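Keep the structure open beside you as you read.

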Amino acid sequence: MASVEILQALPVPTMMIGRDHRVTQQNDAATDLLGANLIGRHVANSVRQPALLEAVESVLSGAPKSSVRYLMSRPGRELVFDVHVAPVRSENAVVLTFVDVSSHEEAGQMRSDFVANVSHELRTPLTALSGFIETLRGPARDDPDARARFLDIMDGEANRMNRLVTDLLSLSRVEDMVRMRPTDLIELDQVILSVINALSPAAGERGVVFHTNFDAPRSIVVLGDRDQLIQVFTNLFENAIKYGREGGSVQVTVKSADMIPAFKGPGLQITVQDDGEGIDPKHLGRLTERFYRVDDHRSRALGGTGLGLAIVKHIVNRHRGRLRIESTPGEGSTFLVSLPLPPKT
C-alpha cells in the first residue's frame, strides 16, 4: 500500500481516492489547498467541479490516466491547476496531483493582452496614414494647403509610431536585464541635473520651472546604469512638465536615509513633485501597467505611449530600488524613487 510518507514527499498537493470514491490519503500540501479532515469523506465534498469528478469516475472504471483543468478562487486571484488523475491498480484507487499553472496562465494572458494592445496602438496611426495617403492621391492632389496640413499630421502620426517602437524596444531590453544588477558608480545628482538641462526647452514652452534640493549629507552616488537612470528621470520629469500646471513648478528633492525599510539598508530617496490636477486614487495602483492611461485622449495628444512608467518601474527594480506614487486630486502628484546606497569599502 502506498504510504503516507510517499505522498508527503511529493511537492504538490496530492490525494488518493479509493474505489468507494472516498479520500484515503492526502499530503500536507493537499490539506493547505483543500482543507483538513478530508480522509474518509466523499471526493465530491473536496472537489466540486464536474469535469474532475467525471475523470475520477472514469479512471476508477478502468480508463487510462487523464488530466483535468481545475479552477479555484482566492482573495484577489484566480488559481488554475492541472489535476492529473492516475490509476493505482494495486490499490484499486486513483491518485490526484494538483499542479499549479496559474503563473503560466497569467503569463499567456499577459502576452495576449500585450499583443492586442500593441496592435491597437499601431492600428490608429496606420489607419490615419492610409486615409491621408488616399486623400493626397485623390481630392487633395492639387490642393497645396491641404497637402501641407495633411503632411504635418502624417509626420506626427509617424513620430508617434516611432516613439511607440522605441519604448517597446526599451522595455524589452530592460526586462532582459532585470536580473543583472548594475555595477557602475553613478553620481546621481549629475544625472538629474543633466536631464533637467536637456528638458529645459520643453519646460520653457510651458513656463515650468524646476526647483532642486539635494539634501543629502553623504555622497549622492549609487550603483547604477547611467543610461537607464537618465531614462527614469527623463520619463518622470517629462510627465511632470506635461501634466503639471502651465506656468507652474516641479520640485525635485534628493535625501539620504540611514534605513529604508523597502530594502533594509541606507539609500537615497528622490522625490519628483508637480502641481498639476492630480490623479484619482483608484488609478494609482495601475499606473505602471503597460498601456494604462488615466486620460487616454489627453495622453495620446501629449505624445504618450502608455509605457513610460512601466519602463521606470522595471529600471528601478533592476537597481533594487522601489517606486511609489502618491497623488491627491487638485493637489498634484508625487513620484518617489528609492535607491540603495553602495556598500562601504
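Let's begin with a helix pair: H6 (residues 188-198) and H8 (residues 226-243) pack at an angle of about 50°, their axes 9 Å apart. That angle makes H6 oblique to H8, since angles under 35 degrees count as roughly parallel, over 145 as roughly antiparallel, 65 to 115 as roughly perpendicular and the rest as oblique. Please bear in mind that this is a predicted model, in which local features need pLDDT of at least 70 and side-chain atom pairs count only at pLDDT 80 or more, while totals for chains, interfaces and linings use all residues. Residues are numbered from 1 along each chain as its sequence is written, and side-chain values use heavy atoms, with hydrogens and water left out.

**How the terms are used**

- Helices (H or I, at least four residues) and strands (E, at least two) are DSSP runs, numbered from the N terminus.
- Axes are lines fitted to C-alpha atoms, for helices over the stretch in contact, and angles run from 0 to 180 degrees between N-to-C directions.

**H6 against H8**

- H6 brings Leu188, Val191, Ile192, Ser194, Val195 and Ile196 to the contact, and H8 answers with Arg226, Leu229, Ile230, Phe233, Thr234 and Phe237; contact means heavy atoms within 4.5 Å.
- Sorted by class, the contact of H6 with H8 has 9 nonpolar, 2 polar and 1 charged residues (Ala, Val, Leu, Ile, Met, Phe, Trp, Tyr, Cys and Pro count as nonpolar, Asp, Glu, Lys and Arg as charged, and the others, Gly among them, as polar).

**H11 and its helix partners**

- H8 also meets H11 (residues 308-318): their axes come within 9 Å and cross at roughly 145°, in a left-handed crossing.
- On the H8 side this contact uses Gln228, Gln231, Val232, Asn235, Leu236 and Asn239, and on the H11 side Gly308, Leu309, Ile311, Val312, Ile315, Val316 and Arg318.
- The contact of H8 with H11 divides into 7 nonpolar, 5 polar and 1 charged residues.
- H5 (residues 144-176) packs with H11 at an angle of about 20°, with axes 9 Å apart, which means that H5 is roughly parallel to H11.
- The crossing of H5 and H11 is left-handed.
- Asp167, Ser170, Leu171, Val174 and Glu175 of H5 touch Ala310, Ile311, His314 and Ile315 of H11.
- Here the classes come to 5 nonpolar, 2 polar and 2 charged residues for the contact of H5 with H11.

**The antiparallel sheet**

- An open sheet of 5 strands runs in the order S2-S1-S5-S4-S3, with antiparallel pairing (two strands pair if DSSP finds at least two bridges between them).
- S2 (23-26) and S3 (66-74) stand at the edges with a single partner strand each, so one side of each has no neighbour in the sheet.
- From one strand to the next, the twist averages 25°.
- S1 (residues 14-17) and S5 (residues 93-100) pair antiparallel over 4 bridges, and Met16 has Val95 of S5 as its bridge partner.

**The mixed sheet and its helices**

- Another open sheet of 5 strands has the order S7-S9-S10-S12-S11, and its pairing is mixed.
- At its edges stand S7 (209-215) and S11, each with a single partner strand, so one side of each is left without a neighbour in the sheet.
- Neighbouring strands of this sheet are turned by 20° against each other on average, direction ignored.
- S7 and S9 (residues 249-260) pair in the parallel sense over 7 bridges, with Val209 partnered by Ser249 in S9.
- H8 lies across S7, S9, S10 (265-273) and S12, running at about 30° to S10.
- H11 packs on the sheet as well, touching S11 and S12, and its direction makes about 140° with that of S11.
- S11 (residues 322-327) and S12 (residues 333-340) run antiparallel and are joined by 6 bridges; Glu326 stands opposite Thr334 in S12.
- The hairpin of S11 and S12 has 5 residues between the strands, and Gly330 there takes a positive phi near 85°.

Conventions:
Left-handed = near helix turned anticlockwise from the far one by under 90°.
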